[in-house]
Amino acid sequence: MAQWLVKKLSTLMRVSVRTLHHYDEIGLLKPSIRLDNGYRLYSETDLQRLQQIVALKFLGFDLTQIKKMLSQASSLPDQLRLQSTLLQKKARALLDASTALDAVIAQCAEHKSVD
């Protein structure tokens, strides 16, 4: 079974050492083993959990939501559906804002006053 020290895991997953320490502090990702010298040692299971965390962060979940989701695996599909709906609403809002900005830019280009 493979194991990684925090620096190796951070390099492998492209997250900072500080991020891994933070995840440990908040109980989101505890290393499987803590050596006598205080070093954190992560297992393959820990790596898989970190991959889930990174993926969920990419999807827009905050750390509190991720911690809750990972502790209640049965609700994961529902949580993902909810996040998808929220992202769709955000996308529509951003598109509306972009359209409004385009209108303002057009008014500025025509030297009209901006409403």
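This is a predicted model: local features need pLDDT of at least 70, side-chain atom pairs count only at pLDDT 80 or more; totals for chains, interfaces and linings use all residues.

Residues are numbered from 1 along each chain as its sequence is written, and side-chain values use heavy atoms, with hydrogens and water left out.

**Exercise 1.** Determine the strand order of the open sheet and the strands that stand at its edges.

Solution. Helices (H or I, at least four residues) and strands (E, at least two) are taken as DSSP runs, numbered from the N terminus, and two strands pair if DSSP finds at least two bridges between them. The order of the 3 strands is β1-β3-β2, with antiparallel pairing. β1 (3-5) and β2 (33-34) each have a single partner strand, so one side of each lacks a neighbour in the sheet. β2 pairs with β3 (residues 40-43) over 2 bridges, and Arg34 has Arg40 in β3 as its bridge partner.

**Exercise 2.** Which residues meet where α1 contacts α3, and of what class are they?

Solution. With contact meaning heavy atoms within 4.5 Å, Leu9, Leu12 and Met13 of α1 meet Leu47, Leu50, Gln51 and Val54 of α3. By class, this contact has 6 nonpolar residues, 1 polar and no charged ones, where Ala, Val, Leu, Ile, Met, Phe, Trp, Tyr, Cys and Pro count as nonpolar, Asp, Glu, Lys and Arg as charged, and the others, Gly among them, as polar.
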